[in-house]
Amino acid sequence: MIELPTMLLITSILGSILAGFVCSTVGTFVVRMNLSSIGYCMSHAAFAGAAFGIMMSIDPLLSAILFSFGTALVIGPLAEKAKLDSNIIIGFLFSVTIALAFIFLNLIPGQAASGTALRILWGSIFAVTYNDLIFLGILSFTLILFIVVFYKEILSVMFNRKLAEASGINTRAFYFAILFFTGFAVSLSLRLVGGLLVFALIVNPTSSTYQFFFDFKKIIIFSPLIGIVSCLAGFWVSLITDFPIGASIVIVSAIIFALSIVISPKRKKGKNMLLLLI
């Protein structure tokens with residue numbers, strides 16, 4: 001088992017808790033609004049941005065945020081103006097961002113830079129900084145405030161966007177707010193979980209929670225809890241096995257999701273209803 005200095009251990013645990021909270025909280029919006037492919041595209045855009053930052057010797061976090069925001073700004077308007085299905089735009093941007101990411105990684109000089117690039121790819125316990133904790137804390141507080149203040153509007157937009165628009169809610173503003181929150185969550189969690197795996201932390205905990213509850217209040221409470229448990233358990237697995245922390249977190253969250261499908265009371269009720277109808 002890897003032994004860490006106390007301060008590094010505390011920093012890593014706090015980073016795991018906050019990353020688990022923000023990713024799985026935005027996951028409740030992403031999964032319910034069927035935005036999984038958009039979030040997946042944004043996570044790779046953030047990965048490309050981080051690689052670009054390393055190549056240009058600027059803060060990878062800043063460039064990751066800029067790239068993910070740029071993608072969020074492009075997806076919606078481009079799909080509307082080009083009159084194309086959003087999946088086509090997403091597929092196009094996904095291929096472009098992942099190609100750019102590997103080009104930027106290939107242009108990074110030196111072995112030390114290559115080590116940094118690998119940490120961006122797979123995540124690292126040692127990559128979390130105090131600034132990351134501060135930004136993750138600010139994002140967590142902003143997310144909680146956003147949900148508390150606009151809970152009714154968020155609920156309306158998520159369950160039926162057209163009805164919400166007809167009732168006078170500016171659905172586009174909430175749609176872009178969710179994209180921006182997703183971009184922030186992905187960019188700030190990149191160092192811990194890694195660019196190739198961070199989106200699993202957004203989808204898996206929320207998908208697990210949906211196997212147990214219908215009530216959105218319970219989903220929005222328990223999804224972050226499962227996200228935090230996944231991160232802490234993945235952190236522990238990484239310490240005892242020396243596996244990359246991002247991969248460990250994703251494996252743990254995937255196991256929780258698989259177990260939730262097996263023991264899901266919602267699925268059992270569905271089967272019982274089907275048997276009664278037969």
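A crossing of two helices is called left-handed if the near helix is turned anticlockwise from the far one by less than a right angle. With that convention in mind, and remembering that this is a predicted model, select helix α1 (residues 6-32) together with helix α6 (residues 130-149), whose axes lie 9 Å apart at an angle of about 30 degrees. Angles under 35 degrees count as roughly parallel, and α1 and α6 are therefore roughly parallel to each other; their crossing is left-handed.

Next, show side chains at this contact, where residues of α1 including L14, L18, V22 and F29 meet residues of α6 including L136, L143 and F146. The residues of this contact comprise 16 nonpolar, five polar and no charged.

Now centre on V22, which, apart from its neighbours within four places in sequence, is in contact with L136, L139, S140, L143, A185 and S189. In the largest nonpolar core, which has 65 residues, V22, F29, I38 and F146 touch the most other members. Helix α9 (residues 171-193) gives the most to this core, contributing 13 residues. A second, separate core has ten residues, among them I54, A101, L105 and I108.

Finally, select helix α10 (residues 198-210) and helix α12 (residues 245-263), whose axes come within 8 Å and cross at roughly 20 degrees, which makes α10 roughly parallel to α12. Here too the crossing is left-handed. Among the residues making the contact are L201 and N204 of α10 and V250, I256 and F257 of α12, and the contact as a whole divides into seven nonpolar, five polar and no charged residues.

Technical notes:
Residues numbered from 1 in each chain as written. Predicted model: local features only at pLDDT ≥ 70, side-chain atom pairs only at ≥ 80, totals over all residues. Heavy atoms only, no water. Core = buried A, V, L, I, M, F, W, Y, C linked by side-chain atoms within 4.5 Å. Buried < 20%, exposed > 50% of the residue type's maximum accessible area, 1.4 Å probe, protein only. Helix = DSSP H or I, 4+ residues; strand = E, 2+ residues; numbered from the N terminus. Contact = heavy atoms within 4.5 Å. Axes fitted to C-alpha atoms, helices over the stretch in contact; angles between N-to-C directions. Parallel < 35°, antiparallel > 145°, perpendicular 65-115°, else oblique. Nonpolar A, V, L, I, M, F, W, Y, C, P; charged D, E, K, R; others polar.
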